[in-house]
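Subject: Structure handover

Hello,

Here is the structure for your files. Please open it alongside this note; what I found follows below.

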Amino acid sequence: MIFKHIPLDRVSWITTGFLGITLFLALTAAPAYLIMHGMGGFMAAMFAFYMIATGLSITLGYHRLYSHLSFGAKWPVRFFVLIFGAAAWENSVLNWACDHRRHHKHVDHDDDPYNINNGFFFAHMGWLLFKLNPEPPMDNVNDLRKDPWVRWQHKYVHLIAVLVGFVLPMVLCGLYYQSWTAALGGLLIVGILRTVLVQHATFCINSACHYFGGQPYSTKHSARDSWVMALVTYGEGYHNYHHEFQHDYRNGVKPWQFDPTKWSIWLLSKIGMTYNLRRVSEAKILLAELTEARRRLEHGVAFCNSKPLTDAAKVKLQASLDYLHQKQEELATHYYQVQKGVTERVEFSKSKVRAWRRDIQHSLDHLDQVVSRFRAVRA
Ligand SMILES: [Zn+2]
Ligand SMILES: [Zn+2]
């Protein structure tokens, strides 16, 4: 019996029921409605607005503003993210930030509420289905508790979620199309389907973003950078960077990286709605990249040296290994230069930073070539 292994006394029935029923309706009733009735322009616009408003309220509001204090925001922004954040059905900002701050502090360990070492499903949504025993104290959000609006949202979060998340789209679609069927569509598509999509996008940050992708800034934790995940998580997919520099308002720190949350914060700062945007210095970021690149090179060279080779194979590979050693030394020189720059707070020119980055990339590309050549020779 599979149920024998589930601690039924600890199941959080309301959360489990809500997640289960909305997911079931999103997979059955919502597509059935779309096939039978389609979606008019107004409903499509409402759906798009709600996807963006509730999604960004979580990433920009719950996450980067309230959990990490990575920028300041005027009251219209704070009010908006509290209302539409509630409509994303991810509990109050106090609860959310409390869990998230514990996640950063204890990442990959027992006190991490969505510890990826307990498996992909646990980190995705399994952790929500069971109550913790005993419930950890909410002692890491005292700064947020001082805000009366945050306390107000915490008190009425479920009422706001029902009214703004479900009732409002139902009423607006019903009134616009003057039909009960359209009201049902508003509830199913803009209310329920949208809630499920935004929730699972958030869940992916805790599961997939600790599972798939590269680790250019640090391998001290499981967080990963993935542009694919960035596409579905409003830019939160650059999670390796985020765990390394959690107080930076940017997650996709490179100019070409897809991070609509970062763009929104920046645009809002241009009209005075957000301020004090916190950025990590370019030198510190480069130092993290250099540390990681050097670690990978060292690891690769050690791997090649650890396996016995025939004399002929050694001759074939020696030149590549020598080149790799040379690259290692070059990166070490850059590293000490940048480290000195960080301690003395020197700003490096853009062209210099670009050149160093190019060198890191060349070294890593070369490493990949040598290791695959090594594997081929051995095979
Ligand atoms: Zn994380
Ligand atoms: Zn975070």
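Contact here means heavy atoms within 4.5 Å. On that basis, among contacts in the protein between residues at least 6 apart in sequence, 73% join residues at least 24 apart.

Two notes on conventions. This is a predicted model: local features need pLDDT of at least 70, side-chain atom pairs count only at pLDDT 80 or more, and totals for chains, interfaces and linings use all residues. Residues are numbered from 1 along each chain as its sequence is written, chains are lettered from A and ligands numbered from 1 in the order in which they are written, and side-chain values use heavy atoms, with hydrogens and water left out.

Overall picture

The protein has 15 helices and 2 strands. These are DSSP runs, numbered from the N terminus: helices are H or I with at least four residues, strands are E with at least two. The C-alpha atoms fill a box of roughly 80 × 55 × 45 Å along the principal axes. Of the 379 residues, 49% count as buried. Buried means under 20% relative accessible area, exposed over 50%, and partly exposed in between (1.4 Å probe, protein chains only).

Distant parts of the chain are linked by the pair of histidine 68 and histidine 242, 174 residues apart. Histidine 68 sits in the loop between helix H3 (41–67) and strand E1 (72–73), and histidine 242 in helix H11 (residues 239–244). Histidine 68 is buried at 2% relative accessible area. Histidine 242 is buried too, at 1%.

Leaving aside neighbours within four places in sequence, serine 67 contacts Tyr62, Trp96, Ala97, His100 and Arg101. Serine 67 and arginine 101 are 34 residues apart in sequence, with C-alpha atoms 6.5 Å apart.

Histidine 210 and serine 222

Histidine 210 lies in the loop between H9 and helix H10 (227–232). Serine 222 is in the loop between H9 and H10 as well. Histidine 210 is buried at 4%; serine 222 is buried at 14%. A polar contact of 2.8 Å joins their side chains. By polar contact I mean a pair of N or O atoms within 3.5 Å; within protein, one must be able to donate a hydrogen and the other to accept it, and residues adjacent in sequence count only if both atoms are side-chain atoms. The histidine 210 side chain also makes a polar contact with the side chain of histidine 239 (3.1 Å). Serine 222 has a side-chain polar contact of 2.6 Å with aspartate 108. Beyond four places in sequence, the residues touching histidine 210 include His103, Val107, Ile116 and Arg224.

Helix packing

Helix H1 (residues 13–27) and helix H9 (residues 180–206) pack at an angle of about 115 degrees, with axes 9 Å apart. Axes are lines fitted to C-alpha atoms, for helices over the stretch in contact, and angles run from 0 to 180 degrees between N-to-C directions. Among the residues making the contact are Phe18 and Leu19 of H1, and Ile192 and Phe203 of H9.

Isoleucine 160 is in helix H8 (residues 148–177) and is buried at 7%. Its C-alpha is 6.7 Å from that of alanine 87, 73 residues away along the chain.

Backbone points to check

Most residues other than glycine have a negative phi. Tyrosine 234 has a positive phi of about 60 degrees. Tyrosine 234 is in the loop between H10 and H11 and is buried at 16%. Asparagine 276 has a positive phi of about 50 degrees. Asparagine 276 lies in the loop between strand E2 (274–275) and helix H13 (282–306). At 61%, asparagine 276 counts as exposed.

Best wishes
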